[in-house]
Amino acid sequence: MPARFTLRQLGHLVAVARVGIDRAARPRASAFRLPSISSAIGQLEAEFGAPLSRRHAQGMSLTPIGRALVEKAQTVLDSARALSDEAALLSGLVRGDLSMGCLLTFAQILAPQLRRSFVAAYPEVRLHQAEDHQAGLIAALRDARLDMALTYDLAIPTDLEFTALASFPPYAMFSATHPLAERESVALEDLRPCRWCCWTCR
């Protein structure tokens with residue numbers, strides 16, 4: 001007999017397992033709403049012939065049977081997503097997940113514009129963004145927690161590939177009493193004797 005449940009219903013089951021129905025029904029936590037979740041779980045219970053959820057004052061939680069099916073449901077959802085991505089790859093459509101890291105110092109300046117242009121060009125790609133300091137970005141790239149990172153060309157390890165996207169002029173700031181403060185411009189060589197701190201490296 002063919003299955004009479006949908007991927008969306010399985011997604012509701014997984015959502016309840018992760019955050020509980022009271023949280024899953026909140027707009028910020030999920031796009032799902034309480035009636036649709038209750039209906040989806042009820043339809044799965046009718047299909048499987050077993051109680052998957054338990055109602056209580058705080059909302060709804062899964063029964064042992066429901067929790068046991070969550071892992072299988074997640075496997076089905078992952079397989080469906082992989083199938084969709086493979087079909088897109090064969091058809092030449094760029095889609096899938098892309099994890100992008102961004103240096104804290106310009107995450108709110110540079111990343112939004114790049115993100116908007118990327119999403120406009122590749123609307124089927126699910127872009128995930130995280131902000132971190134330089135060392136954190138490098139560690140995440142090495143651990144494959146990030147696919148790419150936006151950062152400065154500062155102490156990039158040789159095992160990582162750096163591609164320049166833009167050039168920014170360096171700036172030096174001095175106190176009013178510093179010997180170089182009154183100059184209209186300074187060269188990098190002028191800064192060699194100075195003690196200085198780069199906020200990007202912090």
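**Group meeting: the parallel sheet and its confidence**

β3 and β5 pair in the parallel sense over three bridges; pairing here requires that DSSP finds at least two bridges between two strands. Strands are DSSP runs of E, at least two residues, and helices are runs of H or I, at least four residues, numbered from the N terminus. Within this pair, Gly101 has Ala149 of β5 as its bridge partner.

This is a predicted model: local features need pLDDT of at least 70, side-chain atom pairs count only at pLDDT 80 or more, and totals for chains, interfaces and linings use all residues. Residues are numbered from 1 along each chain as its sequence is written, and side-chain values use heavy atoms, with hydrogens and water left out.

Now the other pair. β3 (residues 96-103) also pairs with β4 (residues 125-132), in the parallel sense, over eight bridges. Between them the chain passes through helix α4 (residues 111-121), and this β-α-β crossover is right-handed, that is, clockwise from the first strand over the helix to the second with the strands pointing away from the viewer. Leu103 has Asp132 in β4 as its bridge partner.

Together, three strands give an open sheet ordered β4-β3-β5. β4 and β5 (148-150) are the edge strands, each pairing on one side only.

Finally, confidence. pLDDT, the predictor's confidence in each residue from 0 to 100, averages 79 over the chain, and 84% of the residues score at least 70. Helix α5 (residues 134-142) has the highest mean, 89, and helix α1 (residues 7-24) the lowest, 76. Where pLDDT is low, the predicted coordinates should not be read in detail.
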